[in-house]
Amino acid sequence: MKSIIIKNGEVIDPESGVHDILDVFIQGGKISKVGKSIESRADVVLEAEGMMVSPGFIDLRAHLCDPGFTRREDIGSGSRSGAAGGFTTVVVRPDTNPVVDNSALVYYIMAKAKETACIRVLPSATVTQGMKGDMISPLGSLKSAGVVLLSNGIQPITDAEVMRRAMAFNRTFQLPFSLHCEEPSLSRGGLVKEGKTAVRLGVKGIPETAETVMMSRDILLAEANETKLHINHIGSKSAIDLIRAAKARGGNVTCNVTPYHFYLLDRDIQDFDPNLKFLPPLGSETDVKAIKEGLKDGAIDAIISDHSPWTPEEKDIEFDQASFGAIGLEVAFALSYSELVVNEILSIDELLRKFTVNPAKILGLDLGRLQEGAEADIVLIDPKVEWVVEPDKFESRASNTPLRGKTLKGRPSATIVKGQIVMREGKIQEGALPFK
Amino acid sequence: MKWERKDLIGLEDVSPEEIWHILEVAKGFKKKLVEKDVKKIATFENKNFVTLFYQASTRTRFSFEIAAKNLGLNVMNFSSATTSVSKGESLYDTVKTLEAMGVDIFAIRHGMSGSARYIAEHTPAHVLNAGDGVHEHPTQSLLDMFTIWESKGKLDGVKVVLVGDHDHNRSSRSNTWALSKMGAEVVLCGPRTLVSDEYTDLGGRFVGDVEEALKEADVIYTFRIQQERQEPGLVPSLGEYSRFYGINEERLRFAKPDVVVLHPAPMIRGSEITSAVADGSHSLVFEMVTNGVAVRMALIYLLLGGES
């Protein structure tokens, strides 16, 4: 394995608070030294003047659609998409076909990741068997096999007793519950957020209470059962208020948001553009303002890609029938940087915290820090570059995003995983398979 | 004015000038219809017209068909039950197939909001929205306005009370937008489960009590509870609805003496309207049907460039 030295970059490590022009020396897959003007000779020299050097990004939720839906994406293409976007670790959604509810599927994902992935691909599992919402999955076996968190995909567990049992059983195993909160009897048939846009378009609205009613239930159940709860893609001010209240009570509750939900508004859905269909639905100005405040004051812990690839046959169709969501791995950081740092809502240190050490802590893994002895998962960022989103040129197999044609600022320029350069100057490196 | 639209998808973005233009052209056709003089205006013998209906309809479909025939078009009907749709063909493919056969103009009715726009964006043929989901039903609204204009001589300042299920009604949406921009005073009335809080952002004001709403009304526009488009349970029963929102002779007294009653039909007699009102002297229910033909002739005429 080649040694690497990153010279004269602006090293930012949110975990320790280091923010300085430093060199980083990498050897044997680990960071062996961080300091001023390191003299050691390395096999590869990365000149990083004008670049930011950060711990690699950690994504708590991406759909790589493998097994079962590989026309949309697979573990290999999804990992390359992640690397292009600066992610060194991605937790994949378990609502594949078949769903990940047993060790065999976990082994499949890990084996395929080893053979084809250029970043860390970590499996999650469904809370219930077959994602049917009745019998709980073998949580202990799943954890032993390598699962890092439990998820319900986008399928609500309607039976509160099933959720309580799952959380109680998990007390021995302490896997985080990563939940999509939606009360289906309230959201049924809804396509956009309830309000002016829904009325105008003549489509059924999803009331805010669809999110908050279910979230309240899950927060209370988690508190009663010592569960580490992580709420996915917060979509409304009311939901953030619930998180704040739970955190104030000392609950072990964290949450994330997607960049689309603080960049787009429900009123942007002017003419039935299916690319603007999201779950939870895009919010109002009040919601977007609250999300930005929540990111600033720490109510929102992490930013996720919520990568949701779809084929044109599933997305580029009538609004009613089009699937929810957009691809996110290759735009998540740049959109966040453009919206939050360029507009001076967050400092770069605060933003990177949401992409690195916070998600690592939620997973309980020793990742997301740029320090001597840590895993050499690193991303170099060019903060000045302006680029136009051309999803057809993305590494992802899919191209469904409402950002097509938009100019973003800042972009990862190199990605290092376990001490190996997997992306450099926007290009995935030939044969970059650090876990093979 | 010069007509420039390829399609008519909705009235939200149509200007008052354009609406007046349509109504004026329709007025000419109405005269010919009344005088049984339509044979002389057949001007589009080589054009093909398809009614593409994915939802049941009697009035609207026949109205389009007669309007098109009056203008000399070849008319074909499409029904989703008897075609490849039952084999799973997409809306897109159906339209492209018909377009390839030489269809010049579609009148489309579909259960999904946004479907008419979707089609219009994907075909060079003209598209007339005959109702998309609960979004818009522009030709209904135009014939309603034509009827009001004909009976009141104006639209500006006319008080129109729309009573019914607004959330699930596309004609209500089109009318709320269009009547507001034409200067009418729009009052929306109906059960709170059927009128979203934000509905009045489209125009008009909400009054919950029907008798309060009807005060000084020039026009009462009542319509059916759209049971096929709403989830069950939003209204306790038709009896309860009729008691609090039904239009009967006693309630007409709250309106102006010369109030006119419109209903887009089909009517559920005894529910939202009594037979005494529907067949009474204030009712324009059947006049509206004739006006519908005139308005649709005007639209086909304008879209096909009848003036150029």
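**Chat about a predicted model: cysteines and a sheet**

Analyst: Let's start with A:Cys118: at 2% relative accessibility, this residue counts as buried. Keep in mind that this is a predicted model.

User: Why does A:Cys118 count as buried?

Analyst: Because buried means under 20% relative accessible area, and A:Cys118 has 2%.

User: OK, and what about B:Cys189, buried or exposed?

Analyst: B:Cys189 is buried, and its relative accessible area is 0%.

User: How many disulfides turn up in the whole structure?

Analyst: Zero, over all chains. A:Cys118 is in no disulfide, and its nearest cysteine sulfur belongs to A:Cys65, 16 Å away. A disulfide needs the two sulfur atoms within 2.5 Å.

User: Remind me, what is a disulfide?

Analyst: It's a covalent bond joining the sulfur atoms of two cysteines.

User: New topic. What's the strand order in the open sheet of chain A?

Analyst: The order of its eight strands is β6-β7-β8-β9-β10-β13-β14-β15, with parallel pairing. At the edges sit β6 (57-62) and β15 (302-303), each pairing on one side only.

User: How many bridges link β8 and β9 of chain A?

Analyst: Three, in the parallel sense, between β8 (residues 120-126) and β9 (residues 149-151). For instance, A:Thr126 has A:Ser151 in β9(A) as its bridge partner.

User: Which strands does helix α2 of chain A lie across?

Analyst: Helix α2 (residues 103-116) lies across β7 (87-92) and β8 of chain A, at about 165 degrees to β8(A). Helix α8 (residues 237-248) of chain A also packs on the sheet, touching β13 (229-231) and β14 (253-257). The direction of helix α8 makes about 150 degrees with that of β14(A).

Terms used: Residues are numbered from 1 along each chain as its sequence is written. Chains are lettered from A and ligands numbered from 1 in the order in which they are written. This is a predicted model: local features need pLDDT of at least 70, side-chain atom pairs count only at pLDDT 80 or more; totals for chains, interfaces and linings use all residues. Side-chain values use heavy atoms; hydrogens and water are left out. Two strands pair if DSSP finds at least two bridges between them. Helices (H or I, at least four residues) and strands (E, at least two) are DSSP runs, numbered from the N terminus. Contact means heavy atoms within 4.5 Å. Axes are lines fitted to C-alpha atoms, for helices over the stretch in contact, and angles run from 0 to 180 degrees between N-to-C directions. Buried means under 20% relative accessible area, exposed over 50%, partly exposed in between (1.4 Å probe, protein chains only).
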